Amino acid sequence: MEHRKCEVSIGRLPDYDRVIVTSNRQYLQDILAPGVLAVIVTALGKPAWIEELTALVMTAKFVIPRTIYPDSTIDKTATSVTTMFKDSPLSSGVRDALCEDLIGLVSCCADLTGAARFRLRFFTDVPNCRCSYHVDAVPPRAPTTALVRVYCGACTEYVTPSNLTCWEDFYSYVYMRKRELDAIAVARERVDLTAEARAAARLARLDERPPFLSRPIAPERVPPDSLVACKFVDSRDLWGGTHVRARSAHGWIHRSPMVGEPRFVATVNASA
Ligand SMILES: [Fe+2]
């Protein structure tokens with residue numbers, strides 16, 4: 001295994017924003033350094049239990065709706081995930097390994113943040129256009145370090161800091177996208193097909209060419225079998241759920257893929 005650390009990019013605004021890609025798990029703690037928006041640890045391998053899990057997700061035999069434990073200790077989370085998967089179609093070996101891995105994610109978040117309570121969410125889903133580029137938020141004053149694990153399926157996409165025009169542009173995009181989604185919802189309620197089509201066209205244009213990208217290149221993808229430590233932002237830095245004290249709200253800009261194979265994803269962050 002390669003243990004060399006490499007930086008995918010060093011951003012322009014500000015100079016120190018960066019994403020680190022490495023095959024050495026020891027570098028995970030670099031997420032605590034100022035300006036590091038993500039540390040992507042690659043080449044974790046694909047043990048037999050993940051192969052089995054993948055096969056069940058791909059054939060829709062293992063389907064988990066969006067599940068959130070919003071504020072739990074490690075012990076409480078362990079009990080919840082064990083109960084959750086008790087009657088699943090997973091074999092006992094896969095079930096135990098998955099529970100252990102999810103609890104390991106929470107423990108890892110505890111090690112990185114020193115927090116005692118966590119928000120864990122996980123789900124299976126087929127890629128779709130519901131969600132685009134965003135940063136996630138933590139409750140006020142909670143540590144902003146989070147972990148994301150895609151166990152199988154299409155890989156998470158992200159923006160390298162050097163391809164960001166500026167944070168103000170990014171948050172403007174988030175605001176504009178939400179405005180179009182709201183317009184579509186209102187038009188549907190009124191059964192106004194023309195208004196819905198116009199808003200949908202504006203949304204498609206935004207997604208085709210996000211205005212905060214310096215270069216319209218294909219997004220970076222988190223490699224399969226990776227663990228991502230990333231920065232969320234403090235919710236106090238977001239106004240109205242979407243906007244902007246942009247200078248202090250630097251986080252990992254990412255999105256779920258819009259096409260590809262079904263995924264099973266877990267995310268954990270400190271809740272207090
Ligand atoms: Fe996210």
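Visitor: Which exposed residues does α1 carry on the face turned away from its buried side?
Guide: A48, E51 and A55.

Visitor: Which residues of helix α1 are buried?
Guide: In α1, residues 48-58, they are L53, T54, L56 and V57. Buried calls for 20 or more other C-beta atoms within 10 Å.

Visitor: What covers the buried residues of α1?
Guide: The cover includes helix α3 (92-113) and the strands β5 (118-125), β7 (145-152) and β15 (263-270).

Visitor: Which residue just after α1 takes a positive phi?
Guide: A60 does, with a phi of about 60°.

Visitor: Which residues touch the most other members of the largest nonpolar core?
Guide: A38 and L53, in a core of 62 residues. The largest share of this core comes from α3, with eight residues. Domain 1 (5-164 + 218-270) and domain 2 (169-208) each supply at least three residues.

Visitor: What does A38 touch, leaving out residues up to four places away in sequence?
Guide: Its contacts are V19, Y158, V228, A229, C230, K231 and W252. A contact needs C-beta atoms within 7 Å.

Visitor: Why is A197 called exposed?
Guide: A197 has 12 C-beta neighbours inside 10 Å. The limit is 12 or fewer, so A197 counts as exposed. A197 lies in helix α5, residues 193-208. A187 is ten residues apart from A197 in sequence, and the C-alpha to C-alpha distance is 8.9 Å.

Visitor: What makes β8 and β9 a pair?
Guide: Two bridges join β8, residues 157-158, to β9. At least two are required, so these strands pair. They run antiparallel, and E157 stands opposite R221 in β9.

Visitor: What is the average pLDDT of the protein?
Guide: The average is 87, and 90% of the residues score at least 70. Over residues 9-14 the pLDDT is below 50. That stretch has 16 contacts in the model beyond near neighbours in sequence. Where pLDDT is low, predicted coordinates should not be read in detail.

Technical notes:
Residues are numbered from 1 along each chain as its sequence is written. This is a predicted model: local features need pLDDT of at least 70, side-chain atom pairs count only at pLDDT 80 or more; totals for chains, interfaces and linings use all residues. Helices (H or I, at least four residues) and strands (E, at least two) are DSSP runs, numbered from the N terminus. Two residues are in contact if their C-beta atoms, placed from the backbone, lie within 7 Å. A nonpolar core is a set of buried Ala, Val, Leu, Ile, Met, Phe, Trp, Tyr and Cys residues joined through C-beta atoms within 7 Å. Domain bounds come from an automatic or database domain assignment. pLDDT is the predictor's confidence in each residue, from 0 to 100.
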